[in-house]
Amino acid sequence: MSRKTTTADPELTRKLSRRGMLGVAAGATAAALLGATAPTATARSNGRGRPVLPPGRLGIQLYSLRDKVSTLGFAKVFAELERFGYDEVEYAGYTQGSAGAITLAQLRKLTRDHGLRGIGSHVGYYSDGNPGAYTFAQNLTKVLDDAQALGLKHIGTASGPWRYGATVDGWKRAAEDFNTYGAAARARGMKFYQHNHAEEFSFATDRPDVRLYDVLLAETDPDLVYLEMDIYWAYAAQFRFGRRADGTPAPFDPLDYVLKQPDRYPLFHVKDGEHDASARDGYRMVDVGDGDIDYQRFISAVSKTRGGRRDHHWQAEHDNPVESFAFARKSSAHLHSLREKDC
């Protein structure tokens, strides 16, 4: 697959200029600081027309930068994200490891001082045998108190609904839990959400004709429970679970789930993968823009839904980047470079 240097994006240029940088040359400045090469990405369009990425809606899941948060602290990480043109962050814990203690009030201020918004956070669903665990099931009030203190609009979990097993009834029980958490979050002006991995698209052990993700959608209240689609894992699931256990075809397109109920998907994880049919998931994870997932198509289609350019948020992520700052910079450059094909 050919790689081309990304073209300058007016929105990114404006944003970086506003933040005291000299247009997209800030990318080169940051690259020099990091010892990285200039950002590259696959060209999905001719560089003309309206940007695919809605303004003010690019975030990053801080799990991808956990090494830098732990060693450098939030302030230095946020300063880099500001230079790279990010608008939002999704937290993956509120502590800094060896970088020193920080309060929620300090964390909220640091986020805001660097021109960023805290858009969401991942918290565990449950913990067997530990009543003091920081999870929705064990400490719902504390979880929501902290999210509210940070001014978050969304609070969710990356845990799958496996608490009661992989049967249809087990997922119905988990859906009841999620509805409870969603109602509590809504009472505080927040949205509760669940982030998928590939296995959510597998089939129920007692009903091999029923996809578990469909049970989750059907049994949760759409006014209380929202979804954060991890697009990479959804496409991995398309590869792994495109057939039932008996071999009969069961194809699906992750984008179709979103287009059928766009209001249920306020958040997305944008991570990329190269096709590899020999890998378990059918892909090998790479930096955003270096893979084969067509984000020009995906983001463009979602943005064309009612309220699509206002109501959806795109969080770049890589589970284990080779160099996390380089990943963050490249992801922003690539996503800002995408253009509508029909403009």
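Okay, let's start with the rings: this structure holds 24 aromatic pairs, where rings of Phe, Tyr and Trp (its six-membered ring) pair if their centres lie within 6.5 Å. One of them is Phe178 with Tyr181, a tilted pair at 6.3 Å centre to centre and 45 degrees between the planes. On the terms here, planes under 30 degrees apart are stacked, over 60 edge-to-face, and the rest tilted.

Before I go on, this is a predicted model, so local features need pLDDT of at least 70 and side-chain atom pairs pLDDT 80 or more, while totals for chains, interfaces and linings use all residues. Residues are numbered from 1 along each chain as its sequence is written, and side-chain values use heavy atoms, leaving out hydrogens and water.

Back to that pair. Phe178 and Tyr181 both lie in helix 7, residues 168-187, and they are 3 residues apart, about one turn of the helix. Helices here are DSSP runs of H or I, at least four residues, strands are E runs of at least two, and both are numbered from the N terminus. In general, an α-helix has 3.6 residues a turn, so residues three or four places apart point the same way.

Are these two buried or exposed? Phe178 is buried at 0% relative accessible area, and Tyr181 is buried too, at 6%. Buried means under 20% relative accessible area, exposed over 50%, partly exposed in between, with a 1.4 Å probe and protein chains only. Both rings also belong to one aromatic cluster, together with Tyr125, Tyr126, Phe136 and Phe192.

Next, helix 4, residues 74-84. This one is mostly covered, with 8 of its 11 residues buried. Among those buried are Phe74, Phe78 and Phe84, but also Glu80 and Glu82.

Now a helix pair. Helix 9 (residues 231-240) and helix 11 (residues 295-303) pack at about 110 degrees, axes 13 Å apart. The axes are lines fitted to C-alpha atoms over the stretch in contact, and angles run from 0 to 180 degrees between N-to-C directions. Which residues meet? Ile231, Tyr232 and Tyr235 from helix 9 meet Tyr295, Arg297 and Phe298 from helix 11, contact meaning heavy atoms within 4.5 Å.

Zooming out, the chain has 13 helices and 12 strands, and 56% of its 343 residues count as buried. Of the contacts with a separation of 6 or more, 76% come from residues 24 or more positions apart.
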